[in-house]
Each structure stands twice: as C-alpha cells, then as structure tokens.
Amino acid sequence: MKNYKLFAKFPFIKDLTFLASGTILSQLIVFLFQPFLKRNFSPEDFGVMDVCLKAVAIISSFMALKFDGAIILPKKNIDAIKILHLILYISIFFFVLILLSIAIFIDDIVLVFEIDSKYKFWFFLIPFSSFFYILGISFDNYLIRKKRFKQVSISKLSRRSSEVFVQVLIGYYYKSSLIIGDLIGNIFYCVRSYKSTSINFIKFNKKELQAILVEYNDFPKYNVLPNILNTFVLNSLTFLILSKFTIKEVGFLELTQKILFAPAAILSISLGQMLLQRTSIKIAKSESILQEVYRGFLLLAAFSLLFFIVIYFFSEEIFIFLFGEDWIHSAYYSKILVVYTCFNFVFSPMGKILIALRRIKQNAIWQLVKFISVISLFFIHYNSIYDYLYSYVIINVILYIIYGIMIFSYSKKHDNKIVK
C-alpha cells in the first residue's frame with residue numbers, strides 16, 4: 001500500500017520503475033547464462049559476434065533516419081502513426097541496400113577484418129537484425145508516448161529471453177547460434193512491441209506523409225549524422241582494437257563491455273527515454289525542467305559511483321569466479337574502462353534533454369567533435385592495448401564533462417525564459 005502511495009506522489013519513480021524492471025530482468029537472464037556461454041564458445045567466436053553486433057548498432061543508428069526519436073513529440077496521435085509509416089518504408093529501403101552490399105563485398109569484409117571465412121554467414125544476418133531492432137525501438141517509443149511502460153518492459157524481456165534461449169539451446173552443436181540468437185531476439189522484440197501498440201495501420205496518401213516529413217525534417221537533417229558518429233564512437237573501441245590487434249583481443253573486450261555497459265541498459269537507457277518524454281511535455285506546457293534534470297543527474301551519479309567502486313576493486317575476483325581464468329584479461333580491461341563507463345552512464349541519457357529542447361544543432365556539433373577526437377586514435381600507434389584504452393578513456397571523459405555543461409546550461413536558459 002505504501003508503494004502505491006509513493007507512486008502516486010512521485011509518478012517519475014513509477015514510470016522509471018516500469019521501464020527499468022523489464023531491462024533488469026532481461027539483463028539478469030543474459031548474465032545467468034554468460035558463464036555457460038563463455039565456457040562453450042571461444043574468445044574468437046565472441047570477437048566476431050561483437051563485430052557483427054557493433055555493425056548492427058551502427059546501421060540501426062541511421063536505418064530510420066532518426067524519425068524514431070520524433071514519435072513521442074506530435075500532439076496528435078495520428079501524426080505519430082504517420083511517422084511509424086515513414087520509418088517502415090525507410091527501413092525497408094536501407095535493409096535491401098545493406099543486404100545487397102554485404103552480398104557483393106563479403107569477401108573483402110572478412111579480408112579487411114582478418115576473420116576466418118567460416119564466419120561469412122554471420123555477416124548476412126546483420127541487416128535482418130538491424131531491421132527488426134529499429135522497428136522494435138520505434139514501436140516502443142510509441143508505447144512510451146502512450147505511457148504504456150509495462151508493455152515496453154515486457155517487450156525488452158521477450159527479446160533477451162528468446163535470444164539466450166536460442167544461444168543456449170543449440171550452442172553445443174552450432175556455433176552460429178550466437179548471432180542467430182540476436183536475430184531471433186530482435187524478431188520477438190519487434191513482434192511483441194507491435195502487438196502491444198494495438199495500431200491498425202491505415203493507408204496515408206503521399207501528401208500526408210510528405211507533410212510529416214517536412215514538419216520533422218530536423219531529425220534526418222541534423223540528427224542522423226551526429227547519431228551515426230555517436231554510435232560509431234560508442235562502438236569504436238571494438239574496431240580500434242581490431243585494427244591494431246587480434247580478433248581474440250576483441251573477444252576479451254566484448255566481455256568487458258558487456259559487464260560494464262549492462263548498468264546502462266538497466267537504468268541509463270530507461271531514464272533517457274523517461275527524461276525525453278517528461279521534459280518534452282513540460283517544454284510544450286512552458287514549465288520548468290530543471291527539477292527533472294537535477295533528479296536524473298543525481299540518480300545516475302549515485303549509481304555510477306557505486307558501480308565504479310565494485311568494478312575497480314573487485315573485478316578480477318568477479319571475472320575469474322564467473323567466467324574462469326581464461327577471461328582474466330577482460331578484468332584488467334574493465335579496471336581502465338570503468339571510468340569512461342561512469343561518465344557515459346551519467347551524461348548519455350541526459351543528452352535526450354537537448355533533443356527535447358530542440359538543441360539538435362548544438363548536439364550535432366558536440367557529436368562531431370567527439371567523433372573526430374576518437375577517430376584520431378586510429379592514426380596513432382601504441383605499443384600495447386593498455387595505452388590505447390587509457391587514451392580512449394581520457395578523451396571521452398573530457399568530452400562528457402563538456403556535454404554535461406551544455407545540458408545544464410541550455411536547461412537553465414529554458415527556465416530563465418519562462419521566468420521572464
């Protein structure tokens with residue numbers, strides 16, 4: 001009874017709880033089976049899977065031309081459905097284009113990445129996985145618009161459950177189950193989210209869709225390139241290591257990133273979606289948003305500090321106990337990367353506030369600077385992987401401090417205009 005009173009008094013906590021709960025449970029399922037998977041597959045297997053999944057992430061960053069971020073904004077629900085139509089058409093176009101490109105250049109891809117030809121099949125699943133994932137995200141954003149947070153959680157849970165089920169079920173006999181599991185998970189995610197929306201797709205004429213395209217053209221115009229750059233930077237460590245070292249090192253790094261970025265999936269992403277939804281409403285009503293901004297910052301900062309202490313002081317014991325001594329290198333990497341992870345964990349979800357404030361150009365400039373800074377590491381030679389990791393962390397920490405200053409500055413400007 002007390003919990004219900006708390007939810008009634010603080011709807012922010014209620015909404016965040018629903019959004020985070022599905023992700024928490026889904027990540028728990030993934031972690032429960034990681035010890036089995038890490039002992040059944042080699043670091044090379046996980047290295048190739050990581051390259052494929054990073055490719056999915058980069059493709060998904062532009063596959064809908066960022067119209068998925070606009071679904072929450074329209075005042076009329078019919079306009080949100082029109083945006084979903086646009087996303088479907090655009091995604092089909094990119095799906096066909098990318099699939100054909102892989103078919104043509106597959107031999108060059110495995111040659112460039114120095115990957116065994118037995119993994120060729122894995123790359124053909126990338127466009128399929130990207131397509132279903134971006135549609136699932138779009139349907140989830142529609143559910144968030146309708147404040148159906150419980151359904152969003154269930155969709156996330158179905159995605160991870162089906163993914164792990166496939167990986168474990170056929171993992172003993174078929175190594176490709178790693179990447180097939182990701183595809184099956186995204187299909188379940190898409191189908192479940194779509195059914196939860198209860199949308200009856202209607203036919204819209206070209207003029208109606210063109211009107212929506214024009215109204216929200218800031219998203220493809222100013223948000224696609226920054227989002228591609230940001231996604232590439234977030235996933236660049238995999239390609240940085242692959243360009244200088246071996247696929248085995250990528251496999252060790254995959255486990256490190258999975259452990260470090262799990263908290264972001266548990267709370268950071270959900271909070272980012274919530275901040276976008278709640279600040280968008282307040283901005284539309286010309287209300288103050290600073291309270292939402294400070295609340296989100298304090299919650300993320302507190303969680304990130306706790307996470308830093310656990311990883312920095314106990315990572316070696318945790319990795320050896322869960323995954324075996326073969327994965328000790330992953331523990332060493334985690335002690336370096338945890339600093340970057342904490343800053344990313346705090347400020348990445350808060351970046352949604354810039355979108356709500358329509359500060360898309362400013363966000364784009366920051367993303368471009370971040371991209372240029374990180375991409376410079378491709379042209380610098382280091383003698384060890386540890387030197388690479390230290391440089392990567394220092395660059396990103398400085399950039400996220402600047403990002404945080406931007407977020408608070410523009411939030412204050414918004415509130416000052418209201419006071420005047």
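**Loops and backbone**

I began with Ser-198, which I found in the loop between α8 (177–197) and α9 (206–215). In this predicted model, Ser-198 has a positive phi of about 55 degrees although it is not a glycine. I then looked up its cover, and at 55% relative accessibility Ser-198 counts as exposed, because the cut-off for that class is over 50%.

I looked up Lys-66 next, again for its backbone: its phi is near 65 degrees, a positive value in a residue other than glycine. Lys-66 belongs to the loop between α3 (43–60) and α4. Is Lys-66 buried or exposed? With a relative accessibility of 13%, Lys-66 counts as buried, whereas Ser-198 counts as exposed.

The loop between α7 (149–169) and α8 holds Ser-176, and I noted a relative accessibility of 9% there, so Ser-176 counts as buried. Which residues does Ser-176 touch, once its neighbours within four places in sequence are left aside? I found Phe-121 and Trp-122 in contact with Ser-176. For Ser-176 and Trp-122 I also took the distance between C-alpha atoms, which is 6.9 Å for two residues 54 places apart along the chain.

Lys-285 sits in the loop between α11 (247–284) and α12, and its relative accessibility of 56% puts Lys-285 among the exposed residues. From Lys-285 I went to Lys-203, 82 residues away along the chain, and found their C-alpha atoms separated by 32 Å.

**Helix α4 against helix α6**

I keep in mind that two packed helices are described by the angle between their axes and the distance between the axes. For helix α4 (residues 77–112) and helix α6 (residues 126–145), the axes come within 9 Å and cross at roughly 170 degrees. That makes α4 roughly antiparallel to α6, because angles over 145 degrees fall in that class.

I then went through the residues that meet across this pair. On the α4 side they include Ile-81, Leu-84, Leu-88, Phe-95 and Leu-99, and on the α6 side they include Phe-128, Phe-131, Leu-135, Phe-139 and Tyr-142. Among the others listed I noted Asn-77 and Ser-91 from α4, and Ser-138 and Arg-145 from α6.

**Salt bridges**

Side chains of opposite charge can pair when their charged atoms come close. How many salt bridges did I count? The count comes to nine, and I looked at several of them in turn.

The side chains of Lys-54 and Asp-50 meet in a salt bridge, at 3.0 Å from N to O. Lys-54 and Asp-50 are four residues apart in helix α3, so about one helical turn separates them. I checked the cover of this pair as well, and both Lys-54 and Asp-50 are buried.

Glu-208 and Lys-82 are joined by a salt bridge too, with 3.9 Å from N to O. Since Glu-208 lies in helix α9 and Lys-82 in helix α4, the pair ties together parts that are 126 residues apart in sequence. Glu-208, at 28% relative accessibility, counts as partly exposed, while Lys-82 is buried, with a relative accessible area of 11%.

Another salt bridge links Glu-316 with Lys-335, and here I read 3.7 Å between the closest N and O atoms. Glu-316 is in helix α12 and Lys-335 in helix α13 (residues 328–350), so this pair ties together parts that are 19 residues apart in sequence. Glu-316 counts as partly exposed at 30% relative accessibility, and Lys-335 also counts as partly exposed, at 26%.

**The nonpolar patch, and a histidine**

On the surface I found a nonpolar patch formed by Leu-305, Leu-306, Ile-309, Val-310, Tyr-312, Phe-313 and Phe-314, which together have about 680 Å² of accessible area.

My last entry concerns His-414, which lies in helix α16 (residues 385–419). Its relative accessibility of 14% means that His-414 counts as buried, the cut-off being under 20%. Not counting residues up to four places away in sequence, I found His-414 touching Ile-283, Glu-287, Ile-289 and Leu-357.

Definitions and conventions: Residues are numbered from 1 along each chain as its sequence is written. This is a predicted model: local features need pLDDT of at least 70, side-chain atom pairs count only at pLDDT 80 or more; totals for chains, interfaces and linings use all residues. Side-chain values use heavy atoms; hydrogens and water are left out. Patches are made of residues with over 30% relative accessible area and no salt bridge: like charges are joined within 9 Å, nonpolar side chains (Val, Leu, Ile, Met, Phe, Trp, Tyr) within 5 Å. Accessible areas come from the Shrake-Rupley method with a 1.4 Å probe; for residues, only the protein chains shown count as cover. A salt bridge is a side-chain nitrogen of Lys or Arg within 4 Å of a carboxyl oxygen of Asp or Glu. Axes are lines fitted to C-alpha atoms, for helices over the stretch in contact, and angles run from 0 to 180 degrees between N-to-C directions. Helices (H or I, at least four residues) and strands (E, at least two) are DSSP runs, numbered from the N terminus. Angles under 35 degrees count as roughly parallel, over 145 as roughly antiparallel, 65 to 115 as roughly perpendicular and the rest as oblique. Contact means heavy atoms within 4.5 Å. Buried means under 20% relative accessible area, exposed over 50%, partly exposed in between (1.4 Å probe, protein chains only).
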